[in-house]
Amino acid sequence: MKNKSYLFGIVLVAVLGGLLFGYDTAVISGAEKGLEAFFMGASDFEYTNFLHGFTSSSALIGCIIGAMLSGICASRLGRKRSLILAGVFFFLSALGSYYPEFLFFEKGVPAKNLLMAFNLYRVLGGIGVGLASAICPMYIGEVAPADKRGTLVSWNQFAIIFGQLVVYFVNYLIVRWAMQSLPDLVAWTQAVGWRVMFVSEAVPAGLFTVLICFVPETPRYLALCGQDDEALRVLTKINGEEVARKTLAEIKATAVEKTEPLLTYGPLVIFVGIMLSVFQQVVGINAVLYYAPRIFESVGMGDPMVQTVMMGVVNITFTLVAIFTVEKLGRKPLLIVGSIGMAVGALAFALCQVVTLPPFVSVICIMIYSASFMFSWGPICWVLIAEIFPNTIRGGAVAIAVAFQWISNFLVSSTFVPLYNWSPAFTYALYGIFCLVAAVFVWRLVPETKGKTLEDMTALWKKK
């Protein structure tokens with residue numbers, strides 16, 4: 001018989017990787033000003049705006065590397081051991097970002113070489129994010145029954161957004177504690193505050209690394225490796241014996257080899273996977289998530305950290321909308337409606353920068369834009385990337401798609417500040433146009449996968 005608690009338990013552990021993904025990428029939003037002040041005190045080099053932009057985004061370089069390596073890791077190490085490796089990278093990055101002077105430099109003395117060391121630790125954490133971003137939804141997709149896969153993979157996006165909300169709140173609490181307890185907040189933030197924000201990640205990273213050791217390898221990977229008995233045991237605990245035997249037979253029928261060439265099913269499936277990833281980023285959402293305090297401050301809001309936490313709550317709420325509707329409404333309707341909602345929010349925010357309106361109107365526009373992403377492109381992109389590729393190319397295809405996602409993320413994040421400083425109206429008008437193009441792309445090229453098994457993907461793309 002089915003063991004729902006077993007499925008829930010292993011998915012819960014896997015989505016901790018999503019929480020770390022969100023935590024690691026958003027921790028910089030609270031720490032970047034203190035980090036900037038620290039390195040501006042260096043005497044052997046000038047810490048320019050360009051260097052600060054690079055330092056704030058350096059983890060994304062690691063994300064690209066991790067995503068590119070995820071296919072090799074997923075195929076050779078397996079899904080489980082790859083996630084363990086990601087957890088180790090998260091943990092080491094948290095400690096190293098807190099104390100980049102370790103062994104080689106004098107503590108508290110900003111210098112060019114110390115900046116390089118700090119960025120290397122952030123890149124290491126980014127590699128963990130890149131691995132987790134590709135393999136967590138892959139893992140969940142490969143253990144989940146077809147009728148629950150969309151919902152369960154969407155919980156990974158919930159964990160990402162929850163991780164961002166947690167770190168927004170942690171950063172806020174750190175700042176509030178320092179304001180109430182310390183005589184010189186500015187000096188403490190510059191010397192210690194940013195370090196505390198980074199090291200706080202070590203707690204969830206250590207927990208994830210330990211817990212992932214106790215979950216099973218995915219049955220599809222086990223079957224691809226010829227471990228049919230173990231695959232059947234895991235499938236039976238998840239689905240019951242009758243469904244497990246049928247599922248294993250389908251896996252074996254569609255996967256005579258562990259891997260096939262990427263273009264076995266034609267270039268369209270790879271193109272669709274890549275463009276799903278690209279559109280998820282070029283709509284501009286991470287410019288909001290990474291620089292939320294700056295945006296809210298620029299439109300005249302009193303306490304930007306409070307607005308950032310409020311946005312995190314909105315994001316959590318609308319991610320739940322996707323979780324509870326994705327199996328009822330399907331993937332395509334949510335993506336199309338979300339794209340239109342994002343376009344409305346982004347274009348309205350652009351208009352607010354041209355026409356003089358109260359600051360709260362701009363905040364509402366940003367909230368609409370962000371909320372629309374959270375019930376559509378946020379979770380649904382990961383659902384589709386986890387499920388549209390046939391079993392024998394999934395590892396490599398997901399790696400390529402997610403690598404393009406992080407490349408696009410880096411381009412958007414690194415260009416946002418100069419674009420926004422030049423013209424907020426143009427910046428968000430551009431994002432709004434990309435949202436409309438994304439809606440057309442989904443309507444024309446993305447297949448609906450609701451209710452289909454992972455093995456059905458082989459037949460679907462053979463027909464294209």
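Me: Hi! Which residues of α2 are buried?
Reply: In α2 the buried ones are Ile 28, Ser 29, Ala 31, Glu 32, Gly 34, Leu 35, Glu 36, Phe 38 and Phe 39. Buried means under 20% relative accessible area, exposed over 50%, and partly exposed in between (1.4 Å probe, protein chains only). This is a predicted model, where local features need pLDDT of at least 70, side-chain atom pairs count only at pLDDT 80 or more, and totals for chains, interfaces and linings use all residues. Residues are numbered from 1 along each chain as its sequence is written, and side-chain values use heavy atoms, with hydrogens and water left out.

Me: Okay, and why is helix α2 called largely enclosed?
Reply: Because 9 of its 12 residues (28-39) are buried, helix α2 is largely enclosed by the rest of the structure.

Me: What share of the chain's residues is buried?
Reply: Buried residues are 59% of the 464 in the chain.

Me: New topic: how many helices and strands are there?
Reply: The chain has 20 helices and 0 strands. Both are DSSP runs numbered from the N terminus (helices: H or I, at least four residues; strands: E, at least two).

Me: Where does Phe 91 sit, then?
Reply: Phe 91 belongs to helix α4, residues 79-98. Its relative accessible area is 33%, so Phe 91 is partly exposed.
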